[in-house]
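Please read it alongside the sequence and the coordinates.

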Amino acid sequence: MEAVKALTKEGSIHLVTDYTGIRQKAFRRSKKYAYNGKNAACKFNLSSFKDGEVKLICDGDVLEVLSRRQAIMEAHPGAIYLHQAEPYRVKEFNLDEGVIVVEPAKNNFYTTTLSRTDIMVNKVTRVEKHDRYNLYLGRVSVSEQIYGYMLKTYDKVISHYDLDGIPPVKIDTVAAWIQIMDLKGIPGDLEGGLHAAEHALIAVTPLLAMCDRWDVGGVSIINGYGGKPAIYIYDGFPGGIGIAERLYSHFGDLAKRACELVKECDCKDGCPRCVMSYKCGNNNEPLDKHCSIKILELIAGKN
Ligand SMILES: [Zn+2]
Ligand SMILES: [Zn+2]
C-alpha cells in the first residue's frame with residue numbers, strides 16, 4: 001500500500017469507479033486504481049502518430065490512441081467508450097482525420113455493437129480428419145460490418161440505434177475451424193448450438209493459447225465450410241500471431257474445456273459465465289446451451 005500511496009501522491013495513478021462489472025449479470029460497482037495518463041502517455045507529439053491510428057480526444061487532450069479496428073468497434077458514433085474504466089460518450093467520429101472527440105459520461109450506461117461477420121477461406125494449410133468432424137487450419141479474410149448498436153444498463157437494453165456508412169473492418173489472418181460431418185444425436189436449434197459453442201470455445205482460449213479472449217474472433221455458420229455446419233476461431237491480429245496454430249494443435253482439449261465450462265454452469269439456458277458474450281455482434285441470438293454441449297462433446301471425442 002505504501003507504493004500505491006506514493007504513486008497516488010505523485011499523480012501517476014488515481015482511484016476510479018470500475019464500470020466494467022455492469023456488463024455482467026452480477027453487477028458490482030467497485031473502485032480500482034488506474035494509471036493516470038497525465039504524466040507520460042499524453043505528452044507525445046501528435047505528428048508521431050502512424051497511419052491508421054485514431055486519437056481519442058477529450059477537452060483537447062489525447063486520452064488514448066486506438067487502432068482503426070478498435071476505433072470502429074468500440075468508439076463508433078454514439079458509443080460509450082471505457083477509458084481507464086471510466087465511461088466516455090463519443091461526440092464526433094472522424095475516421096478520415098483520425099480523430100474521435102469524447103466527453104465524460106457519468107452514468108451506468110454502456111453500448112454494444114451489432115455487426116455481421118463474413119469469413120472467406122483463402123488457403124487450407126493443415127487438415128485433420130476425425131470420425132464425425134474435420135479440423136482445419138488456414139489463411140482467411142474476415143470482414144466485420146457494424147450496422148448498429150444498443151444502449152444498455154445492467155444488461156437491460158434501453159434502445160437500439162442504426163449506424164450507416166461505417167466502413168467494414170477487414171483483416172487477413174489465420175483461423176482454425178471445424179466442419180461437422182455427422183449431426184446424429186445433436187438435438188435442438190443447431191444454429192443456436194453452433195453459436196453458443198463458438199462463444200464457449202472463445203471463452204476458454206486463454207487457457208490454451210496464452211492470449212486474451214478478445215484477441216480472437218469467431219464465426220459460426222450452419223451452411224458453412226463445404227456446405228456443412230462450421231465454427232471458425234480466428235486470430236484477431238492481421239497476419240496472425242500464432243494463436244490459431246496453437247488452437248488447431250489443441251482443439252480437442254479446447255472443446256473439452258469449453259464443454260466443462262458450459263456443463264458446470266448451473267444456469268438454465270445460458271448466461272454470461274458460459275455461452276453469452278458481451279461482445280457478440282448478434283446480441284447473443286440465437287443461443288442453445290444444450291445443443292452446444294452435444295457439439296462440444298462431439299469435438300472433444302466423447303461420442
Ligand atoms: Zn451459464
Ligand atoms: Zn456471438
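## Model and confidence

This is a predicted model, in which local features need pLDDT of at least 70, side-chain atom pairs count only at pLDDT 80 or more, and totals for chains, interfaces and linings use all residues. Residues are numbered from 1 along each chain as its sequence is written, while chains are lettered from A and ligands numbered from 1 in the order in which they are written.

pLDDT is the predictor's confidence in each residue, from 0 to 100. The protein averages 86. At least 70 is reached by 83% of the residues. Over residues 16-49, pLDDT stays under 50. For that stretch the model has 61 contacts beyond four places in sequence. A contact is a pair of residues whose C-beta atoms, placed from the backbone, lie within 7 Å.

## Overall make-up

The protein has six helices and 13 strands. These are DSSP runs, numbered from the N terminus: helices are H or I with at least four residues, strands are E with at least two.

Of the 303 residues, 34% count as buried. A residue is buried if 20 or more other C-beta atoms lie within 10 Å of its own, exposed if 12 or fewer, and partly exposed in between, with C-beta atoms placed from the backbone. Among contacts with a separation of 6 or more, 63% link residues 24 or more positions apart.

## Two nonpolar cores

A nonpolar core is a set of buried Ala, Val, Leu, Ile, Met, Phe, Trp, Tyr and Cys residues joined through C-beta atoms within 7 Å. The largest has 52 residues. A200, I233 and A258 have the most contacts inside it. Elements that give two or more residues to this core include strand 9 (133-153), strand 11 (169-180), helix 3 (190-209), strand 12 (216-221) and strand 13 (230-235). Helix 4 (243-249), helix 5 (251-264) and helix 6 (289-300) are also among them. Helix 3 gives the most, with nine residues. A second, separate core of 19 residues includes L56, A75, A79 and Y110. In soluble globular proteins, nonpolar side chains tend to be buried together.

## Helix 5

The buried residues of helix 5 are F251, L254, A255, R257, A258, C259 and V262. Their cover includes strand 9, strand 11, helix 3, helix 4 and helix 6.

A258 touches A197, A200, L201, A203, V204 and L296, not counting residues up to four places away in sequence.

An open sheet of five strands runs in the order 4-3-7-6-5, with mixed pairing. Two strands pair if DSSP finds at least two bridges between them. The edge strands, strand 4 (61-67) and strand 5 (80-83), each pair on one side only. From one strand to the next, the twist averages 40 degrees. It is an angle between N-to-C directions, running from 0 to 180 degrees, with axes fitted to C-alpha atoms.

Strand 3 (residues 53-58) pairs with strand 4 in the antiparallel sense over six bridges. C58 stands opposite D61 in strand 4.

## Strands 8 and 9

Strand 8 (residues 110-129) and strand 9 run antiparallel, joined by 18 bridges. They form a hairpin with three residues between them. M120 has S141 in strand 9 as its bridge partner.

V142 also lies in strand 9. V142 counts as buried because it has 22 C-beta neighbours inside 10 Å. It touches T117, I119, K170, I171, T173, G217 and Y234, not counting residues up to four places away in sequence. V142 and V219 are 77 residues apart along the chain, yet their C-alpha atoms are separated by 9.4 Å.

## The loop between helix 5 and helix 6

Most residues other than glycine have a negative phi, and most peptide bonds are trans. N283, in the loop between helix 5 and helix 6, has a positive phi of about 55 degrees. N283 is partly exposed, with 14 other C-beta atoms within 10 Å. N284 is in this loop too, and its phi is near 55 degrees. With 18 other C-beta atoms within 10 Å, N284 is partly exposed.

P286 lies in the loop between helix 5 and helix 6. The peptide bond from E285 to P286 is cis, with omega near -15 degrees.

Note on methods. Contact = placed C-beta atoms within 7 Å.
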